[in-house]
Amino acid sequence: MEYVIRFAQVHETFRRPEIEALAALAGIDLEIVYYDQFSPYCVVKVPTEADARTLIARSILAKDIFELWGQGTNYEEVHADVRRRTQHRWDEFKGVSFRFTIDSFCGKRKMEAKRAIIQSFSYVGFDGPIRMKNPDEDFWVLEDFVSDIEIATRAPGATHAYSEAVDPRTIYLGRWIANSSRDIVTKYDLKKRRYISTTSMDAELSLVTANMAHAAPGRLFYDPFVGTGSFCVAAAHFGALTCGSDIDPRSFKGREKKEKEAMGLFTNFQQYGIESKFMDAFTSDLTNTPLLNRQFLDGIVCDPPYGVREGLRVLGTRDGSGREEVIIDGVPAHYRPGYIPPKKPYGFEAMQNDILAFASRTLVTEGRLCMWMPTSIDEDVELLIPMHPHLEVVSVSVQPFNQWSRRLITYRRLPEGQVSDISKARQKGDSEGISADDLNAFRRKYFTKNPNKKPEKGSPAPQQS
């Protein structure tokens, strides 16, 4: 059966991958018949209405889903298609309350025109009461006024203004089936969250990331750059057990406040009543991790540091000895409260390779890694997608900013014996070097494009996007 998904017109490159991820998670046979990132309407095929409800139930970027009753480029085509598809079912809806709603994307209709459109469907013969609140059946006329010329000239991420088109490009009649979970974005809004930092991922994209990674009850999720726990909170919302680590324990422990309750990562789980889904957070990095070196994680979700504000670091000492002989009042520093372990410079590409290597060792078969990484919108700057033979790239979605963007790369762990094609991967390390620019190609290219933003020695670096 065919259905129409109505998306929110945001994060367009994330919408289709999210729906496909949810279909894969639920084991639904999904076929996308029509999708256009410039339109909120997407036509899909799923076997049953129950599958349609399951598919939309936890989507963040979709609004709702409709059973497709008819479509066309004008109302004559729509009416003919409605008769062809549904005439044998009209008797099912006699006597029940109903409502018709018109939704015009990038277009306007006067009330008189809306009434005329609704009356044009009178041939279906519904004789039940019209109920504007909580009807038994809810029918929607969905009009897309975006013209092909506007699509060809619109820049990525541009605001959607009203179209100059007189007639819609495409029209659908749909029977409403179910809403999505988009309303939970408000619940998890960072403005309402008790413990955040300047680098906390926003609620909408955190929840989308958890969907892409297949967070679900009975699954174990890990964030190796946990910070204030945005991804863990999102995965926990969908029922997964979560844990995390960070090189700086202050990020998840928070600060003690005199005469007030201490604030930290766990505070967020308490706020949402999902404490049972949080296991623990600990100080570590992927090159010095206490976690098991075997396949036991169902998902890894992370937004690694890009090293723009300051150079990347891992635990260790510059001389490679691994020791820090510091004695304070006769007590080794690492035994004292508030101890911060020493760190050494770290390469950006080395970090990417270490994340993929860690995921290949610890993810169960079909487990997923969702990793945010920077990229450029300039054609002359190429930042390749990091790849690993045991991990297959499922999708790449891009969030544009100004000169730079960030992308969410989703991988799945292949079964043993299968390998992915990594012929396009750049087999290069950046572990050799001393300065932050030597060790970080992205940072070097960022400041090449933005020379006025590069900090002078001794001054703070710019805020990471």
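The largest nonpolar core of this predicted model has 38 residues, and those with the most contacts inside it are Phe14, Leu207, Phe269 and Trp372. A nonpolar core is a set of buried Ala, Val, Leu, Ile, Met, Phe, Trp, Tyr and Cys residues joined through side-chain atoms within 4.5 Å. Buried means under 20% relative accessible area, exposed over 50% and partly exposed in between (1.4 Å probe, protein chains only).

Because the model is predicted, local features need pLDDT of at least 70 and side-chain atom pairs count only at pLDDT 80 or more, while totals for chains, interfaces and linings use all residues. Residues are numbered from 1 along each chain as its sequence is written, and side-chain values use heavy atoms, with hydrogens and water left out.

**Cores**

- At least two residues of the 38-residue core come from each of H1, helix H6 (184–187), helix H7 (203–212), helix H8 (230–237), helix H10 (265–272), strand S10 (278–283) and strand S16 (363–376). Helices (H or I, at least four residues) and strands (E, at least two) are DSSP runs, numbered from the N terminus.
- Domain 1 (2–181) and domain 2 (185–312 + 347–453) each give this core at least three residues; the domain bounds come from an automatic or database domain assignment.
- Another core lies apart, with 26 residues, among them Leu297, Ile300, Met373 and Ile409.

**Seven-stranded sheet**

- An open sheet of seven strands has the order S2-S3-S1-S4-S7-S6-S5, with mixed pairing. Two strands pair if DSSP finds at least two bridges between them.
- Strand S2 (31–34) and strand S5 (98–105) are the edges, each pairing on one side only.
- Neighbouring strands of the sheet are turned by 35 degrees against each other on average, direction ignored. Axes are lines fitted to C-alpha atoms, for helices over the stretch in contact, and angles run from 0 to 180 degrees between N-to-C directions.
- S5 runs parallel to strand S6 (residues 137–144), joined by eight bridges; serine 104 stands opposite glutamate 143 in S6.
- S6 and S7 are antiparallel over six bridges, and phenylalanine 139 has arginine 175 in S7 as its bridge partner.
- S4 and S7 are also antiparallel, over eight bridges, with isoleucine 65 opposite alanine 178 in S7.
- S7 is largely enclosed by the rest of the structure, because eight of its ten residues are buried.

**Helices**

- Helix H1 (residues 12–26) lies across strand S1 (2–7), S2 and strand S4 (62–72), and runs at about 130 degrees to S1.
- Helix H3 (residues 75–86) lies across S1, S4, S6 and strand S7 (170–179), at about 95 degrees to S4.
- H8 is mostly covered, with seven of its eight residues buried: Ser230, Phe231, Cys232, Val233, Ala234, Ala235 and Ala236.
- Glycine 239, with a positive phi near 100 degrees, follows H8.

**Cysteines**

- The structure holds zero disulfides, a disulfide being a pair of cysteine sulfur atoms within 2.5 Å.
- The sulfur of cysteine 370 is too far for a bond, because the closest cysteine sulfur, in cysteine 302, is 8.8 Å away.
- Cysteine 370 is buried, at 0% relative accessible area, and cysteine 106 counts as buried at 7% relative accessibility.

**Whole chain**

- The protein chain has 13 helices and 18 strands.
- Of its 465 residues, 51% are buried.
- Among contacts with a separation of 6 or more, 74% are between residues 24 or more positions apart.

Technical notes:
Contact = heavy atoms within 4.5 Å.
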